[in-house]
Amino acid sequence: SKPLNPIFMYLFIDTAIRDMNCIALIKGKKIFTKKLSSDPAKKSGDALFQIDSLLKKNHVSEQKLKGIIVIAGPGQFSSLRTGIIYANTFGFALKIPVVGILKEDGVGRDELTRQGLALLRKKKRFYPIAPLYGKEPNITTPKPLV
């Protein structure tokens, strides 16, 4: 497969951890990262502001993004949903490919980025991705069957 163009920019989104987002901008082999530990109640909104801040700080318009890598699981329902929603929304709006990768114990962000870039080489256009939750969501108490 052909290598990715190093002048293109890629976005990495990891919201799988309960109280921390990891948002990274990738250009060639250089990774610009912004992490923010936050109150879990504010975390979902923080990710959007982190993406905006990282793009502005590095003078990158959304149109320069050529693909998005997002952690698709395993993880908690609300945490994963946040990252997947942002990745799919940006991918759809910008008409760029989105790939979801699974986070494994002991695998660092650099390796996850390499895995994601390898998957992006194979994608030509946007297709929405779905999260892989660590377990079934427990949102409400089930009602007894009558």
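**Fold, cores and a buried threonine**

The protein chain contains three helices and five strands. Helices (H or I, at least four residues) and strands (E, at least two) are DSSP runs, numbered from the N terminus. The model is predicted: local features need pLDDT of at least 70, side-chain atom pairs count only at pLDDT 80 or more, and totals for chains, interfaces and linings use all residues. Residues are numbered from 1 along each chain as its sequence is written, and side-chain values use heavy atoms, with hydrogens and water left out.

From the N terminus on, the order of elements is β-β-β-α-β-α-β-α. The chain has 146 residues, and 36% of them are buried (under 20% relative accessible area; exposed is over 50%, partly exposed in between; 1.4 Å probe, protein chains only). Contact means heavy atoms within 4.5 Å. Among contacts with a separation of 6 or more, 65% join residues 24 or more positions apart. The chain exposes about 9,100 Å², of which carbon and sulfur atoms supply 58% (Shrake-Rupley method, 1.4 Å probe; for residues, only the protein chains shown count as cover).

A nonpolar core is a set of buried Ala, Val, Leu, Ile, Met, Phe, Trp, Tyr and Cys residues joined through side-chain atoms within 4.5 Å. The largest has 22 residues, and Ile13, Ile51 and Ile68 touch the most other members. S1, S2, H1 (43–57), S4 (65–73) and H2 (77–94) each supply at least two residues of this core. Another core, of 14 residues, lies apart from it and includes Tyr10, Ala24, Leu112 and Leu117. Leaving out residues up to four places away in sequence, Ile68 touches Leu11, Ile13, Ala87, Phe90, Gly91, Ile96, Pro97, Val98, Val99 and Leu120.

Helix H3 (residues 109–122) has 14 residues. Its first and last C-alpha atoms are 21 Å apart, close to the 20 Å expected (1.5 Å times one less than the number of residues). Leu112, Thr113, Gly116, Leu117 and Leu120 are the buried residues of H3. They cover an arc of only 135 degrees around the axis, so they lie on the same side of H3 (the arc is that of the directions from the helix axis to the C-beta atoms). An α-helix has 3.6 residues a turn, so residues three or four places apart point the same way. Exposed Arg114 and Lys122 sit on the face of H3 turned away from its buried side.

Thr15 lies in the loop between S1 (9–14) and S2 (20–27). Thr15 is buried, with a relative accessible area of 0%. A polar atom of its side chain lies 2.6 Å from the backbone oxygen of Ser79. The Thr15 side chain also reaches the backbone nitrogen of Gly83, at 3.0 Å.

Key
A polar contact is a pair of N or O atoms within 3.5 Å; within protein, one must be able to donate a hydrogen and the other to accept it, and residues adjacent in sequence count only if both atoms are side-chain atoms.
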